[in-house]
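Please walk through the model below one region at a time, with the coordinates open beside the text.

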Amino acid sequence: MFQFCLPGGDPVTTSMQDPLRLAALRDVPDESPLSALRQITAPGYLDTFNHGDLPRWLEILAQLPELQAHSIDLKTGVRIGSRADGLAHPGQLNRLEALLREFIPWRKGPFELFGLLVDSEWQSGLKWERLLPHLEPLAGQRVLDVGCGNGYHCWRALGEGASLAIGLEPYLLYVMQFLAIRNFLADKPCHLLPIRLDQYPGPFHYFDTVLSMGVLYHVRSPVDHLLQLKKCLKPDGQLVIETLVVEGDEGYSLTPERRYARMSNIWFVPSIPTLQRWTQRCGFRDIRLVDSTITTATEQRSTSWMPFQSLVDGLNPEHPELTCEDLPAPRRAIVTARNTA
Ligand SMILES: C[S@@+](CC[C@H](N)C(=O)[O-])C[C@H]1O[C@@H](n2cnc3c(N)ncnc32)[C@H](O)[C@@H]1O
C-alpha cells in the first residue's frame, strides 16, 4: 500500500482512493459483463505493481490545476480548452506545463490543453487519418484499443462517437499520462486498464471494434495475440491491425538478430502476405490491406517533450532506406478484418 503526502496535508493512501479513475467500470451490477474487470478496477490494484515512481506520479496527478475547459475537440485532434481558458489563469498554465513535463517522454500525441501544446514524438493523428476512411463508423460502438500507449487513439475514437473506449497499456508512465489528460475529461466514457492483452480477464466478445496498433511486433507470439484479439470482438466485429512490415512473400517474416532501428523488443516483422495469412488462419474474414506507409521524420521525431533518440537515430545515415542495423527502414501497414459470425 503506497502512502504520500500532499503539501500541507495528511498522508494519503492510494488504495483508499480510485487512482485509475475506474469507478464507472467497477460499480456495475453483478450481471454486467464489465463485472469481469472487478479485480483490475479495484482501488488497490495499482498497489500490486510495487513501482518505485508511483507515489511521486500520483502526487503529480493530485496537484494538477483545476482548469475549466469551455470547449473540447476530440474529432480533429485532442484539444481541451482554449488559449482563452488558459490565459484566464496564467500561473496555473505554467504549473500545468511543469507537472506534465514530469511525465516525459511523451511519445504519443500531440495534446493541446488550454493552449499548451504537448508536442509528442509521434504525430499520432497521421496514423488515425490513414485509418479512419477505412473504418466502419465508430458512432455508438464499444472500442478496445490494445497497447494504447497514453490513450491518444481512445480519445479520437470518442471523437468519432464511440460509446465506450477502453485501452490496455502495461507501461505505467503512459497510464499516468492518460490519467493527466483524463483529469480534464473526467466525464467521458474512456478508461485505461494497466495490463497486457494476455492479462485481460474479459468481458469477451464484447467490443464492436478492436484496435491493435504498434503491438504485434512486440509480442513473442503474434498468432496468439491475434487469437486473443478475436476473443475480445463480437461476432462480425471489426479488427484493426497496424504493424511494422517488410517486403517479402507469404511465409516470410523478419526476426532481427538483436535490435531493429535500435529497438530491442522486436520479435516478428511480417511481410504483408504473411500478416494476411496469420489473420485468416485466426478466423477473420474480409481481410483488407488499407494502408502501407514508410515512416518519416514528419511523423516521428524528437521534441522537447520527448528529448531522446527518435527515428533518424535508428536509420543508416548513408542509406536512410535502411536501419542502422542495415535492415529495411520502418514501413507500417494497416490491415482491417472482420470477425467470423
Ligand atoms: C508502439 S506503442 C503503440 C501505441 C499506440 N497503439 C499507437 O499506435 O500509437 C506499443 C504499445 O503497446 C504496449 N504493449 C506491448 N505489448 C503489449 C501487450 N502484450 N498488450 C498490451 N499492450 C502492449 C507497449 O507498452 C506500448 O505502449
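A residue is called buried here if 20 or more other C-beta atoms lie within 10 Å of its own, exposed if there are 12 or fewer, and partly exposed in between. The model is predicted. Its mean pLDDT over the chain is 94, and 95% of the residues reach 70 or more. Residues 1-15 are a stretch where pLDDT stays under 50, and the model has 27 contacts for them beyond four places in sequence. Where pLDDT is low, the predicted coordinates should not be read in detail.

Begin with helix H5, residues 90-101. At 1.5 Å a residue, its 12 residues should span 16 Å, and the end C-alpha atoms are 17 Å apart, which agrees. Which residues of H5 are buried? They are Leu-93, Leu-96 and Leu-100. The partners of the buried residues of H5 are helix H4 (83-87), strand E5 (111-113), strand E6 (116-118) and helix H8 (172-182).

Helix H8 is the next element to follow. Of its 11 residues, 9 are buried, so H8 is largely enclosed by the rest of the structure. The buried residues are Tyr-174, Val-175, Met-176, Gln-177, Phe-178, Leu-179, Ala-180, Ile-181 and Arg-182. They pack against H3, H5, E5 and E9.

Two packed helices are described by the angle between their axes and the distance between the axes. For helix H3 (residues 54-62) and H8, the axes come within 10 Å and cross at roughly 10°. Angles under 35 degrees count as roughly parallel, which makes H3 roughly parallel to H8. On the H3 side the contact is made by Leu-54, Trp-57 and Leu-61, and on the H8 side by Leu-172, Met-176, Leu-179 and Ala-180. Met-176, Leu-179 and Ala-180 are also listed among the buried residues of H8.

Next come the backbone details. Most residues other than glycine have a negative phi, and most peptide bonds are trans. Where are the cis peptide bonds at Pro-110 and Pro-203? One joins Gly-109 and Pro-110, with omega about 0°, and Pro-110 is in the loop between H5 and E5. Another joins Gly-202 and Pro-203, with omega about 10°, and Pro-203 is in the loop between E9 and E10.

The loop between strand E9 (190-193) and strand E10 (207-213) also holds Phe-204. With 15 C-beta neighbours inside 10 Å, Phe-204 counts as partly exposed. Leaving aside residues up to four places away in sequence, Phe-204 touches Lys-231 and Cys-232. Phe-204 and Gly-109 are 95 residues apart in sequence, and their C-alpha atoms are 29 Å apart in space. His-205 lies in the loop between E9 and E10 as well. His-205 is not a glycine, yet its phi is positive, about 50°. Is His-205 partly exposed or buried? It has 14 other C-beta atoms within 10 Å, so His-205 is partly exposed.

A positive phi is also found at Asp-286, a residue other than glycine, where the value is near 50°. Asp-286 is in strand E14, residues 284-294. With 12 other C-beta atoms within 10 Å, Asp-286 is exposed.

Two further positions give distances across the model. Pro-29 lies in the loop between helix H1 (23-26) and helix H2 (38-41). Pro-29 has 7 C-beta neighbours inside 10 Å and so counts as exposed. From Pro-29 to Asp-236 the separation is 207 residues in sequence and 27 Å in space, C-alpha to C-alpha. Asp-224 lies in helix H9, residues 222-232, and is partly exposed, with 13 other C-beta atoms within 10 Å. Asp-224 and Glu-121 are 103 residues apart in sequence and 30 Å apart in space, C-alpha to C-alpha.

Conventions
Residues numbered from 1 in each chain as written. Predicted model: local features only at pLDDT ≥ 70, side-chain atom pairs only at ≥ 80, totals over all residues. Helix = DSSP H or I, 4+ residues; strand = E, 2+ residues; numbered from the N terminus. Expected span 1.5 Å × (residues − 1). Contact = placed C-beta atoms within 7 Å. pLDDT = per-residue confidence, 0-100. Axes fitted to C-alpha atoms, helices over the stretch in contact; angles between N-to-C directions. Parallel < 35°, antiparallel > 145°, perpendicular 65-115°, else oblique.
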